[in-house]
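Here's a walk through a two-chain model, from the overall numbers down to individual side-chain pairs. Have the viewer open as you read.

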Amino acid sequence: MNRAMLAVIAASSALPCDDSLAASRARYGGNLRLAIAARPADANPSLADAPWDAALLSLTAKPICTLDDGRRIHPVLASEISWQGAIKLQIALRPGLRFHDDAALNAKEILASWSRLSQPSSKSPYRALLFAARPEALRVASAGASQQLLEVPLTFAWPDLAASLCHPALAIKAAAESRAGIGPFKPSSNAGELEANLGFPLGRPFVDRLSVAFTDERGAARRLALRQAQVVFGTAGQRPSADSPPALYATYLAFRAERVGADFRQAFDASIDRGDLTRFFVPAPSVAMNALLPPALMPQPAIQRPPVPAPGVRRALTLTFDQSLPEQRLVAERIQVKLHDLKYAIALRPVPRAQLRAAWASGDFDLMLHAVLLPPFAAPALAVAIELAGARELLSAELPAIGALVDAGERERAALERARALLPSLSLIPLYSQAIGIQASSEVISLGQDGYGLPALDDAILLPQ
Amino acid sequence: MRLRTRLALAFALLAVVPLALVVPRAIGEVRGILSKDLESRLQSVRTVAETAVQETGRDALRAVEEIAGSVALEDFARELRAQGPSNQRLAVAKRLMDGRNLSVLSLFDAEGKTLSSGHLPARVGDPDPALFAATQNATQGALPVLVDLRGEAGVHRYPALVAARSFEYGELGIWVVGGRVLDSNFADQLFQMTGARVEISDEDGQVAAAGEIAPPPVETALALGPAVRIALKLSRAPVIHTETVLVRAFIALIAFGLALAAVLGFLFARFITRPIDAVAEAATKIAAGAFDLKVPESSSGEVGELVRAFNRMTAELQSTTQQLIASERVAAWQEVARRLAHEIKNPLTPIKMSLETLLAASERREPSFDQLFKDSAAAVLEEVERLRRIVDEFSQFARLPKPQLALVNLSELSQQVLSLYAPPREGVEIGSQIAPRVWVSADRDQLTQLLLNLIKNAEEALEGNGRIDVRLKNAAGQAVLEVADSGKGIALEDQARIFEPYFTTKQGGSGLGLAIARRISQEHGGSLEVASSPGAGAVFTLILPAAAEPAASNHRADDREQAMP
C-alpha cells in the first residue's frame, strides 16, 4: 500500500476526535520494538528463507523488486522492468542508489548477487528461479548519469522471471566485504537496532528505529503482553483464515530413493498424518500439504492413506534437519517414532542450515527436512520444487513448455498440472506449509504483508500513546 | 624293591592316607559354608532390590497422584476443552515431569490417545497401548510396562514402572500415566545399593546393566511382570579364590607331610635295615670264603636275634668248612695215594713175576736160564724205569713251585713250542693262528710245560692221523690260547674228571699232565677248560690275564733272553 495513502488513513482515523487528539495523528517516528521467536538469521539471503529470517533481511536488503499482496510487481532498486520480446528482460536501475556501506549500486552488483545463486556451485534450490536466464550474458545496454539499463537474455521464454527476481533470496548485496544491502532500514550503531534509511528509493519508513530481540515463543508472547514488544514474529497466534498471509514457506521431506527403498513413500503416507503435523507439532499458521505445491498455490488432493506395507528388513536411515527450526525437530521426532514401527530405524541429525544445504547439494543424505519460501506463482514455485527434489534435469524439459504459454492463467494451470503429474516420480514428499505468525499490539497499524506473506514493517505506523 | 625303600614308602603312605581321607572332607565342609554365605548375601541383595523397586513404584504413584491433583493439569484440561488439541500444549507433560523424578509421563484422553507426552512428545495424537494398559490396573499401584523412548539414534523400548490416575474435568477425562524408566540410571542406583551387578532385560534382551563383577557369577532375578526381568549377580570369584587357597594349603600340607614322612621313613627304615644289610653283606663275603667275618650285634629284638643267629651260623659254617676241607684234603691224598699205589703196584707185579721165574728156573737148573735171566732182567729194568717216571711225575705234581712271574710274549712262546714239533710226524698236520704281541705275566718255564702238555696231549689224541690247531688271541684283556685236535674226542662223563690227577683215558698215561697244566693255569690266575664231543675232537682253552706290552727296551731284553740257547 502506498505510504501516502497509509498516512492519510492513519490521519483520518484521528479526525472524528476532538482537537486534543490532533497530536495523536499518524506521524513519522518512533521506535518499533520487534520480538522474533526464533534464532538470529543468517546473513546469506539464499539461506534466510525462514519467513522471519526473510522478513528481517528484507528490511535491510531488497531485491530489484517486490511483490505486493496482490502479486503485483513493484520495482524497488529498479525503476522499470520490461520485456523486450519474449526472451529479453530489460531492467532500468534507479540512479544514485547506494548500499548501506555507501558503495554505489551498479549492474556489476546485480550480476554478482544473481550469479552467486545461479552458478552450479550454489547450494540453493532458489537457483531454479534463474534457470531461464543467463546472468553471465547480462549486459549493460546503456549507462548514463541518470539511468543504467540492464538487459537479461533468456534461453527460453519465461514470463515469470520478472516476478522471480522479487524473491527475497535474490536480495541485492554489495560485492564488498560488508555485503551491505539496500533496504528501508539500515544497521544502526547500536546492536540489535535498525534505523530508518532516509534515502530509500520508495521513501523512508514511518518508524525511526526498529529494535529487534530474539527469544522463544513464550518469551515473545510475554514481551507482547508486557508491552515490551509491539510486534512479534513466529508466535502461533492464529489459525489460517482467508485474511491470513499465504502459507508459502513449504516444508518437504527429501529422500534418496536408492537408500530408503522402493516402498518408503507408501510407508510414509500410511503412517504419517500431515494433519497431525500441523495440529500438534508445527506452530500456526500452518496447513497440511499433500500436493507438490502448497494450498496457497494449488488445490490439495483428497488424502487417501495407503495401506501400511508389511514391515520389511530393518533399514537404518539418518534424517537431517535444520537445527535452528524447533518445529523441524518436532516433525523429525514424529517421523522417527511413526516409522519405527515399520522397521525404519531413523537416527536424527540436526545441522546448521548452511550444512544442510551443502548436504543437499552433494546428495549426502538419506532423509532431509527441507523448507523453502516458494514464490507466489505456480510456475517458478514448480521450478524450485523440482530443483529441491534434485531433478534439475527436468527443468529444461518442463519449463520451456510452460514458459511458452503467454497467458498467465494458462501458465498457472499448466504448472499445476505438471506439479500433479511429477509428484510421484520426485524424491520429495510434501509435508506442510507455513505462513509467518505475526502478532501486533494495538499501537501498531498498517502492518501489511507482501506477496510472500512477509510483513511489510516499513509500512508500519506506530501510534503515539 | 629294597626293604628300606618299601619301609620308607610305607611310612609315607601312613602319613598321606589319613590326610587324603580328611582333607577332601574338610574342603567340602568349607566350600559348603562359603556357598551358604554367598547364597545368604544373594538373598540379601534380592531383598534390597525388591525394596528399591517397590519404593520406586511408590514414588511414581505419589508423583502421578500429585500431578492428577495439580492446578497445572486442571489448566491443561480447561484449555484442551476450550481450544482442542494444540501444539502449544505439547510441552505440558514435560513441564509436569520435571522436578518430580519421573522419566515417563503421558496424558491420555479416555480413548487412550496421547494428549501430551513428556518422554515422547512425538507420540502426541497417537495411542500408546503399552503405556495406556497401566490404566486397566490403576488401583494396584505401580506396574511394569514397556515404553518407547526416543533418542537421536532411534527409538528403543525400555521397561518402566508406571502408575496411572484419572482426572475428570466435566465430560473430559484425562489419564495421567507416569513413572520411572528402568534404565542404566536405575541399574546403577541398584548397583550402588546392593554391590551386585544389575542386568535389566525385557523380552528382546538386555536393556541396561550396571556394575562389573569377576566371573563366574551367581545369580538371582526379580521378575517384574511377564516381560521385565532384573538379574542380580554376585561374583563367586572370592569363594573360588578361598577354596583355591584352601586346596593349595592342604596340598602343601600333604606334600610336606609326604616329604617329611618319606625322610623320616627313610631314616627309620635305614635304622632298621642297617643290621640286615650288614648280614647280607657278610653273607656275600662268607660265600666268597671269609668265614671269620662277624656282624656287629648292636641291634635288639628280632633283628638282633637274626644277627646273632647269623653269627652262630657263620661260626658253624666255618667249622664245618674247615672240617670239610680237611676231609677233602685227606680224601684227596687218599685218592692220590690209592692211585699212586695202583700205579706203583702195576710195575711191581711183573718185577715180582720175573724174579719168581728166575728163582724157579734157577732151582730147576734150566738150561735156558741165562736167556731167561736176560729177559727177566730187561723186564725188571723196564718196570723200574716206569716206577721212576711215576715217582718223578708225582714229585713234580706235588712240588709244583710258586710261579716266578715276568712279562712273557705268549705269541713268541707259542711259536717256539710249535717249532719243537716241526716237522710234525707223518699223518699229523699242525696249524697255528697266533696273534702277535700277546703278553702275559707268567713263569716262562711253567707256561712252556703247560703248552707242551697240551700239544702232547693233542698229538696223542690223534692216534696216528689228524690235525692240531693252535690259536692265540687277545680278547678283552685276556690271552686266550686254544689247542684243538681232530681226535676221537672225550666222552662227556670223562670231561668232568679229565683234570683230576692220575685220571687218564690213554694206555700208558700217567694221568698227571692235564692236572699239572690246570694247576699251572690256576697258579697264574687263569683257567684251563675243555670242550669236546665224541668223534669231533677236543678243544683245550687256556685263559690268562693279558698284560700290557712292555716298553721297547724291555721288549728287546726279553727277545735277547729268548735268543739265548
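## Chain A at a glance

Of the 465 residues of chain A, 56% are buried, where buried is under 20% relative accessible area, exposed is over 50% and partly exposed is in between (1.4 Å probe, protein chains only). This is a predicted model, so local features need pLDDT of at least 70 and side-chain atom pairs count only at pLDDT 80 or more, while totals for chains, interfaces and linings use all residues. Residues are numbered from 1 along each chain as its sequence is written, chains are lettered from A and ligands numbered from 1 in the order in which they are written, and side-chain values use heavy atoms, with hydrogens and water left out.

Chain A carries 13 helices and 20 strands; these are DSSP runs numbered from the N terminus, with helices being H or I of at least four residues and strands being E of at least two. Take contacts (heavy atoms within 4.5 Å) between residues at least 6 apart in sequence: in chain A, 72% of them join residues at least 24 apart. The chain exposes about 18,100 Å², and carbon and sulfur atoms supply 52% of that (Shrake-Rupley method, 1.4 Å probe; for residues, only the protein chains shown count as cover).

## Chain B at a glance

Chain B has 565 residues, and 40% of them are buried. You'll find 13 helices and 16 strands here. For contacts between residues at least 6 apart in sequence, 63% join residues at least 24 apart. Chain B exposes about 30,700 Å², with 56% of it from carbon and sulfur atoms.

## The disulfide

Searching the whole structure turns up one disulfide over all chains, going by cysteine sulfur atoms within 2.5 Å. Cys65(A) and Cys166(A) are the partners, with 1.9 Å from S to S. The torsion about their S-S bond is about -110°, so this disulfide is left-handed. Cys65(A) sits in strand 2 (residues 65-67) of chain A and Cys166(A) in the loop between helix 4 (161-164) and strand 8 (185-187), so the pair ties together parts 101 residues apart in sequence. Both cysteines are buried.

## Where the chains meet

On the A side, 23 residues are in contact with 19 residues of chain B. The two chains bury about 1,800 Å² between them, 49% of it on carbon and sulfur atoms; that is the accessible area (1.4 Å probe) the two parts lose on being put together, summed over both.

Four salt bridges cross this interface, each a side-chain nitrogen of Lys or Arg within 4 Å of a carboxyl oxygen of Asp or Glu. One pairs Arg334(A) with Asp126(B) at 3.0 Å, N to O. Which elements of chain A supply at least two residues each to the side that touches chain B? They are helix 5 (217-225), helix 8 (274-281), helix 9 (326-340) and strand 15 (344-351). Helix 9 of chain A gives the largest share, eight residues.

## Salt bridges within the chains

The structure holds 55 salt bridges over all chains. In chain A, Glu258(A) and Arg256(A) meet at 2.5 Å, N to O; Glu258(A) is exposed at 53% relative accessibility, while Arg256(A) is partly exposed at 24%.

Over in chain B, Arg100(B) and Glu66(B) meet in a salt bridge at 3.0 Å, N to O. Arg100(B) lies in the loop between helix 3 (92-97) and strand 1 (104-109), and Glu66(B) in helix 1 (residues 3-68), so this pair ties together parts 34 residues apart in sequence. Salt bridges that share partners also join Arg197(B), Glu199(B), Glu212(B), Glu219(B), Arg229(B) and Lys233(B) into one network.
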